[in-house]
Amino acid sequence: MTTIEQLLRTLGPSLSSTLCAELVSRDGVSNDAARKRISRVGTDVRRLGGVRLRNRESILFLDEHLQTEEFHQKLAQILKSTNGAYANAINGLNTRGGIMPVNLFPTFSGLPIRRSKGHLMHCHVEETLVNNGILNRFSAGGEDLIALSTISELSTHHKALLIVESVVISSFHDWLTKTAATSFGTTAVRGIKGPQFGPFQWDIVGPSYLTGLTDWAERRKINGFIVADFILDRQISRDDLTPFLSKVDVLLHQRHRRFIAMLIADSYATDALNELRKRGILLARPATFFGEELAHDLRQLILTIENAAAAVVNDPENVFALLKRIARIEGASLNLRGVLLEFIVARLYSNDGYNIDMRQQIVSPVDRKPAEIDIKAVKPNEVVCIECKAKLPNNQVTAAEITEWLATPLTRIKGWLNRADSLPQVKRFEFYSSSGYDEQATTLIEKVQKEHQKQPIRFYSGADIDSKLHQANLGSIREIFNEHFKP
């Protein structure tokens, strides 16, 4: 007699109707007998709870399935034909490599962030999938993340992609407002709280008074909107489009204000391109706005940030030349400040003979919580862990920012260092501000330096960085630093 466990190991996650048909075919039992056997499965078999399917069907799977990529692909296929909201959530995560910051999940899942008749809200779908062990929600490096159960961290590649996307989005925002496609000062972009149009979240939302997007009501001009999403660093497939097109379809059926929907990606598969054109979606590539050379530089920047330490040590001239070229893009400097400061400080230590590691993820042995070391510089006799804080000109680091660093990341890093037998015994810590420190922060720094004698903590300002670059004869990098960080 065929067991349900055997079937699931062969077929993977399956609908109850599929399992029923297999039992009838393999064992020659009736439909009723097959359904009873499925209803009596043991604790080794799990059902996807909280998801309504047609004809009271259910999806069954095994715990061992949760840790495989094939599981999520098969589950998305099943849900696509039975409950599109859950399929959209999984497809949306797949377009981002299976993991993303929590604040981006409503955008890429294509699910409403507020009540919309006949549609499940993203928070309900997220909770259901987390409760079933299909998604995980956790914090790492000070950021809340959501991921497929097979993924446990935001890779350096994903982090680099997010930075480059922020550059592209910022520049596109400027283009929209400067061409008067959207209103200046009211066009919102991806951030901690995503911009909203209708019941959905987008990467860009801007009110537009373009001819053809406006209506008149009681002698008053009613604006339309331009909305856009960005998915870089992959070729967009037809399945990748499902969450985006779901948002567009709902808006069209619910008779919201007039709008133009845009999708910006590096490349499109033929079926995806045809579908977008058929739907009247405005589509573009970064090369459309920046030209092929700058678009290539943006792709190269992802790889450079991903392999930051090697880039700074082995090819510093090209790294800073690349950053200088990209800084010409409108709005790029603001989004690259943190990366630029880390590269500059890392170059100082590399120039002084230290082995460099950048953005290293560690886990505290005490509370098992993660932290990130911006720069780790090692010589045979010492290890230096460095925190970088890029600030706008005339904006200073506050006492609250230092206190938060001392209480959380630094505490976890110290615990990790104390268990790292392969590192030198001498350990010290440094904090670099691209500007300076306010009065309360300065007072706190004096106290901190007195209290930490065994493992010293030193604080440096923008003036100190400028001086170090001058002493190291790194004139071209000093020029870049002053261009971006001096008032």
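The largest cavity in this model has a volume of about 60 Å³, where volume means the space filled by probe spheres set on grid points joined across faces, edges and corners. A cavity here is a set of points on a 1 Å grid over the protein atoms alone where a 1.4 Å probe fits but cannot get out. Before going on, note that this is a predicted model, with local features needing pLDDT of at least 70 and side-chain atom pairs counting only at pLDDT 80 or more, while totals for chains, interfaces and linings use all residues. Residues are numbered from 1 along each chain as its sequence is written, and side-chain values use heavy atoms, with hydrogens and water left out.

Searching the whole structure turns up 5 cavities of 30 Å³ or more. Which residues line the largest cavity? They are Thr95, Thr107, Phe108, Asp229, Ile231, Asp240, Pro243, Phe244, Lys247 and Leu263, lining residues being those with an atom within 4 Å of a point. Helix α9 gives the largest share of that lining, 4 residues, and α6 (105-109), β13 (224-236) and α9 (238-253) each supply at least two. Those element names come from DSSP runs numbered from the N terminus: helices are H or I with at least four residues, strands are E with at least two. By class, the lining has 5 nonpolar, 2 polar and 3 charged residues, with Ala, Val, Leu, Ile, Met, Phe, Trp, Tyr, Cys and Pro counted as nonpolar, Asp, Glu, Lys and Arg as charged, and the others, Gly among them, as polar.

Now hop along to the sheet. Five strands make an open, mixed sheet in the order β16-β17-β18-β19-β20, where strands pair if DSSP finds at least two bridges between them. At its edges sit β16 (355-363) and β20 (457-460), each pairing on one side only. From one strand to the next, the twist averages 30°. Inside the sheet, β18 (residues 382-389) and β19 (residues 427-433) run parallel, joined by 7 bridges; Cys388 has Tyr432 of β19 as its bridge partner.

Lying across β19 and β20 is helix α19 (residues 462-471), at about 105° to β19. Angles run from 0 to 180 degrees between N-to-C directions, using axes fitted to C-alpha atoms, for helices over the stretch in contact.

Last stop: helices α16 (residues 399-407) and α17 (residues 409-419) pack at about 30°, with their axes 3 Å apart. The two are therefore roughly parallel to each other, the label for angles under 35 degrees. Glu404, Trp405, Leu406 and Ala407 of α16 meet Pro409, Leu410 and Thr411 of α17, contact meaning heavy atoms within 4.5 Å.

How values were computed. On a 1 Å grid over the protein atoms alone, a cavity is a set of points where a 1.4 Å probe fits but cannot get out, and a pocket is an open set with protein on both sides within 12 Å along at least five of seven lines; lining residues have an atom within 4 Å of a point. Angles under 35 degrees count as roughly parallel, over 145 as roughly antiparallel, 65 to 115 as roughly perpendicular and the rest as oblique.
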